[in-house]
Amino acid sequence: PAFIKMLVAFVLFQFLVDDFKKKQSHEKFIYILISFLLPVSFPSKDFKSMKKLNIINFMLYFLECTGVLAFAFFMKHFYHNQHYCQFYEKVPQIIIGYSPEDNQFELFLVLML
């Protein structure tokens, strides 16, 4: 997932941000690594507009977080190991200290979005 996100970010930056195209390859690599770790872009004198960079970074960050939550949902419902599924039922209680009811895990996922 990390390499896919960095590859998608590189392709989007390459085609949508003119200032990114002008950077040297090692600068692009460093920028992609930093933007992978942080969902925001660092201010730079070289970039004329940070608006496109911030929008792309936020969209990729949102898709990554949604993918993690979707993975947790599918693992709870379709994974064959029942102990794993029972653990996910207890996650809301562990994190927020609330006693889980029916479908509490799904409500917890929706609230995390």
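1. Start with helix 1 (residues 2-16) and helix 4 (residues 51-78): their axes come within 11 Å and cross at roughly 155°. Axes here are lines fitted to C-alpha atoms over the stretch in contact, with angles from 0 to 180 degrees between N-to-C directions. That makes helix 1 roughly antiparallel to helix 4 (over 145 degrees counts as such). On the helix 1 side the contact (heavy atoms within 4.5 Å) is made by Lys5, Val8, Ala9, Leu12, Phe13 and Leu16, and helix 4 brings residues including Leu53, Ile56, Leu60 and Tyr61. The residues of this contact split into 9 nonpolar, 1 polar and 3 charged.

2. Before reading further: this is a predicted model, where local features need pLDDT of at least 70 and side-chain atom pairs count only at pLDDT 80 or more, while totals for chains, interfaces and linings use all residues. Residues are numbered from 1 along each chain as its sequence is written, and side-chain values use heavy atoms, with hydrogens and water left out.

3. Overall, the protein has 6 helices and 0 strands (DSSP runs, H or I of at least four residues for helices, E of at least two for strands, numbered from the N terminus). Of its 113 residues, 29% count as buried, meaning under 20% relative accessible area with a 1.4 Å probe, protein chains only.

4. Have a look at Cys85 in helix 5 (residues 82-96). Cys85 counts as buried, at 8% relative accessibility. Beyond its neighbours within four places in sequence, Cys85 touches Met75, Lys76 and Tyr79.

Notes:
Angles under 35 degrees count as roughly parallel, over 145 as roughly antiparallel, 65 to 115 as roughly perpendicular and the rest as oblique. Ala, Val, Leu, Ile, Met, Phe, Trp, Tyr, Cys and Pro count as nonpolar, Asp, Glu, Lys and Arg as charged, and the others, Gly among them, as polar. Buried means under 20% relative accessible area, exposed over 50%, partly exposed in between (1.4 Å probe, protein chains only).
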